[in-house]
Amino acid sequence: MNHKFIDFKLNKEILKALNNLGYKNPSKVQEEVIPRLLNREDIVVKSKTGSGKTASFAIPICEKIDINNINVQALVVVPTRELALQVSEEISNIGRLKKIRCSAIFGKQPIKEQIASLKQRVHIVVATPGRIIDHIERKTINLDNLSYLIIDEADKMLNKGFIEQIDIIFKNSPNKKVIGLFSATIDKDIKYVCDKYMKNSSMVDIEDVEIINKKQIYEEIIKVEENDKYEILKKLIYLENPKSLMIFLNTRERVVKLYSQMKKDKFLVRELHGDMSQDKRIYVIKDFKEGKFNILVSSDVASRGIHIDDISLVINYDVPKDKENYVHRIGRTGRKDKFGKAITLVSNKDEKYINEIIDYIGYDIQEKEYIEENEVKKGKIKFEEYQRELLKNKKVRKPDTKIHSEITTLYLNAGKKKKIRVMDIVGAISNLDGIVGDDIGVIKVEDLCSYVDILNHKGEGILKKYKEISIKKK
Ligand code: AMP
């Protein structure tokens, strides 16, 4: 088929955003899904993370959003909070030039803040099932205008009362909506949802999925004794000298133990696992993305669906017992045209699992036979120097936020507490020299401050010309 994005007749703001994101051509799943969702067909998609599936629904949804309609027009239900943030980030990136507002709503966040955020103009909501049902029951979300309902990674929600939750969401949304269901496996529960709610759906099965950028990852295994793992790990770090490193272990307990060990040895390291509070996890991921530390020790919680880009090295300290997790873990590196490396430590008892993985991925993984001690010594000096510079904040990796160079986000030192509303900001900004309504993008008013996107490269000019802007005499 080989479509180009332009063939889908997308709005110019969406095409421009895709271009800014570096998406040159649609991936396989996007070729199949985009035209169907644009055409308002219900679909069931069997596909995996890494195939570009998020954008496959984000693009048509953003295309079809009517930005003048201030109600929620699309709801994406995802299994985890991390995924909610990830998906909403992708949607926001795609929709930002069209001024689409997208909110992530999930458990353990203060409900009051969410209610306030839902009261503002929100076009798209990405939510975990429990929390969205909470809002439905409190009547703090209105789904009457919903035209797209997407259920993402449905297979991950199956064991958590999925069917009842999905029933509630369907019952509380209008009949005419388009439904997209994405799942890595299609089993009886998924079939139940299809039979009950999606009578004329078509099935898209992207079997031989090309994981985007897969070829950019160089994979190795190294055979080790369990007791030698830590020493080998240190040597590998010095040898490889990664700018950023993610280390995966199979259990929370093992994450905590390795983290403490590395911390004692003065590595710039943090941990990430399911037992940490939601806020803490979000901050860790944010700090890692911003390069405030360079080693993240993690359980598989963080490997699914999370786009922590720009990681130079992944080390599997434990061989994952679930073969799919191997692909997810190593997928954290080698993204976006960058080369990455993934090394897996294999002890005797792991032989069985690594063989299963090799069968599953369908190619052999190179074995590292020995470690050159001289190189380790040289590397250690270099690595420690790099860590010192990171600590001094000299070499902080730039966060990957500047996707749209035509946008500048202004920070305003006043928010809801000072009775500032979106319209006040629009009024004040459009009074500035050279600014017209079309130059003002997404506006977020928080309790104590506000953010406003200035489009069309005009933000820099404002920053140069005005130190302060007064809004409602504030
Ligand atoms: P996903 O399967 O949604 O987790 O996407 C995998 C990765 O591919 C994400 O980092 C996306 O930003 C990226 N991506 C999605 N669509 C494209 C595309 N058409 N071209 C290049 N990269 C893409």
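Leaving aside neighbours within four places in sequence, Tyr-197 is in contact with Asp-42, Asp-167, Phe-170 and Ile-179. The model is predicted.

**Tyr-197**

- Tyr-197 belongs to helix H8, which spans residues 188-197.
- One of the contacts of Tyr-197 is Asp-167; the two residues are 30 apart along the chain, and their C-alpha atoms are separated by 9.3 Å.

**Helices H3 and H4**

- Helix H3 covers residues 53-64 and helix H4 covers residues 81-95; their axes come within 9 Å and cross at roughly 45 degrees.
- The crossing of H3 past H4 is right-handed.
- On the H3 side, the residues that meet H4 are Thr-54, Ala-55, Phe-57, Ala-58, Ile-59 and Cys-62. On the H4 side, Val-87, Glu-90, Ile-91, Ile-94 and Gly-95 meet H3.
- By class, the contact of H3 with H4 has 8 nonpolar residues, 2 polar residues and 1 charged residue.

**Helices H5 and H6**

- Helix H5 (residues 111-119) and helix H6 (residues 129-138) have axes that come within 12 Å and cross at roughly 70 degrees.
- H5 and H6 are therefore roughly perpendicular to each other.
- H5 passes H6 in a crossing that is right-handed.
- H5 contributes Ile-111, Gln-114, Ile-115 and Leu-118 to the contact, while H6 contributes Arg-131, Asp-134, His-135 and Arg-138.
- The residues in the contact of H5 with H6 divide into 3 nonpolar, 2 polar and 3 charged.

**Aromatic rings and charges over them**

- The structure contains 7 aromatic pairs.
- One aromatic cluster is formed by Tyr-238, Phe-267 and Phe-383.
- Lys-243 has its charged end over the ring of Tyr-386, at 4.6 Å from the ring centre.
- Arg-40 lies over the face of Tyr-148, and the distance to the ring centre is 5.8 Å.

How values were computed: Residues are numbered from 1 along each chain as its sequence is written. This is a predicted model: local features need pLDDT of at least 70, side-chain atom pairs count only at pLDDT 80 or more; totals for chains, interfaces and linings use all residues. Side-chain values use heavy atoms; hydrogens and water are left out. Rings of Phe, Tyr and Trp (its six-membered ring) pair if their centres lie within 6.5 Å; planes under 30 degrees apart count as stacked, over 60 as edge-to-face and the rest as tilted. A charge sits over a ring if NZ of Lys or CZ of Arg is within 6 Å of the ring centre and within 35 degrees of the ring normal. Axes are lines fitted to C-alpha atoms, for helices over the stretch in contact, and angles run from 0 to 180 degrees between N-to-C directions. Helices (H or I, at least four residues) and strands (E, at least two) are DSSP runs, numbered from the N terminus. Angles under 35 degrees count as roughly parallel, over 145 as roughly antiparallel, 65 to 115 as roughly perpendicular and the rest as oblique. A crossing is left-handed if the near helix is turned anticlockwise from the far one by less than a right angle, and right-handed if clockwise. Contact means heavy atoms within 4.5 Å. Ala, Val, Leu, Ile, Met, Phe, Trp, Tyr, Cys and Pro count as nonpolar, Asp, Glu, Lys and Arg as charged, and the others, Gly among them, as polar.
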